[in-house]
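Student: I am new to this structure. Could you take me through a single part of it up close?

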Amino acid sequence: MRKVSSIIAATALMISISAASFAATPAKKPAKKAVVKDWTFAVFLNADNNLDPFGVEDQEEMARIGSNENVNVVTLIDRERGPAQINYIEKGKIKKIKDMGELDMGDYKELVKFVKFVKENYPAKHYMIGIWNHGSGWKAKTDKNVVRGVSYDDSSNNHITTNELTTATKLCEEALGQKIDVINMDCCLMGMVEVAYAIKDHCNYFVGSEEVEAGKGTPYDDVLKGLKPGMTAKDFANHWVNAYAKSYQGGSQGRDDSTQSAMDLSKIDALVDALNGFSKAIMSGKYAEKVSAAVAKTVKFEYPENIDLLHFLKNFKPSVEGDSSVITAMDKVEKAARAVIINNKTTARSSSYNRYKDAEGIAIYLPQRFNLESKYLDLGFSKASMWDDMILALRSQRDVKETVDNACKGEFKGLKSAISEAKKNPRSQYARMLVRELNYVAYTEKKIPAKDQAEFDRLFKSLKSAMQAR
């Protein structure tokens, strides 16, 4: 999502006043023999929602710079309560190239069709593909009844899922005959490991935000102003972050909170390997309390289960000093994450306080209480990594500790629940861990109150019996 405030009304007024200077010209077909330029800057601009005024404003920003002999600037914009159209943006002009009628911009196939059109009509050596809309990391719209996902179309009630981003970018790469040089998501909360993993095989660089974006989003004039002839994809991604941050530090967008980072997607696989090593190290011991405490101190974003990865490692490290295997695993994650992040900037509304000063450029899903959402398991990242297994193991550690602590007080509600779970799933990881811990505190340390020992013995026997059932 983007953050939308009362400035919408003012923005709408400004748009109506400035419409004359950026009025769409009559439909015009692209030239039959398109010239191959250095860059094509193409934005899939889904404004079929409450962001509509900002979509119009952002096209006007593009038109302050416009296309030139080196760069094509093209948009597919779908307006709220209006049809879609493809525009070619020149300096001071927004030229309508093609009427598209009503489109479902929440359908990834429309993104692929747009990229094919761009390739056929505005070929280039390098391509920047932008996705403009609401966004929310990896999550789906139906989760907890909040608006989550990317490229939401209010007319169709559809959106592009994270797994569909993988399919879409693959098809876009095929259409272009090369990887997307830079993909930007001018949406909220997309700067995550999970999202970067979804597009890593088909794009070179990814620019996005860990946190909610302000309604104005990307300063397109500032970004395009710095797109120079011969600029590499890495340099452009790096420039994008600098221009974005400068615009929110009293520049063209005013002063506001923002996060923006650029990632080298060729380094994502190494990061996943490092995260797997860290996950294995955590699952080999009892770290639930320490991990939870570190998460509590870590920078969080609109959804508190989205945390900054590097800040988490910084907060967790002091709690495991002397544990060489975990420290080594953490160091590898930090090194790999810093290789992914080629630029990161944060800004603040206040000159005296920046709530995101510790955000270092890439977020990851890690709920403090380890209550893993089931849909997370469907992600490509989850299937390729052990991060979800680690979260489940930490939840089991948390539940085991709480149940054991309560049993030592003569409270057996958790133990009874474990018996019910074991009857349904005799191979429950939680039940196995619980038996081991209860056996130790009850019969080695003898911490169960004497008056409750008989009841404990009965329940403990029931738990072990349930685990032996087939």
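**A strand and its neighbours**

Tutor: Note at the outset that this model is predicted. Start with what is covered: the buried residues of helix α2 are D52, P53, F54, G55, V56, E57, D58, Q59, E60, E61, M62 and A63. That is 12 of the 12 residues of α2, so the helix is largely enclosed by the rest of the structure. Helix α2 covers residues 52–63, and at 1.5 Å a residue its 12 residues should span 16 Å; the end C-alpha atoms are 17 Å apart, which agrees.

Now move to strand β11, residues 203–208. This strand is mostly covered, with 5 of its 6 residues buried. Strand β10, residues 180–186, runs parallel to β11, and 4 bridges join the two. Look for V182 here: Y205 in β11 stands opposite. How does the chain get from β10 to β11? The path goes through helix α5, residues 193–199, and this β-α-β crossover is right-handed.

Strand β11 has another partner, β15, residues 258–264. These two run antiparallel, again with 4 bridges. Find V207, and you will see A262 of β15 opposite.

For an antiparallel pair joined as a hairpin, turn to β5 and β6. Strand β5 takes residues 84–90 and β6 takes residues 93–101; 7 bridges pair them in the antiparallel sense. Q85 faces D99 of β6 across this pair. The hairpin has 2 residues between the strands, and G92 takes a positive phi near 80°.

Note on methods:
Residues are numbered from 1 along each chain as its sequence is written. This is a predicted model: local features need pLDDT of at least 70, side-chain atom pairs count only at pLDDT 80 or more; totals for chains, interfaces and linings use all residues. Side-chain values use heavy atoms; hydrogens and water are left out. Two strands pair if DSSP finds at least two bridges between them. The expected span of a helix is 1.5 Å times one less than its number of residues. Buried means under 20% relative accessible area, exposed over 50%, partly exposed in between (1.4 Å probe, protein chains only). A crossover is right-handed if, with the strands pointing away from the viewer, the path from the first strand over the helix to the second runs clockwise.
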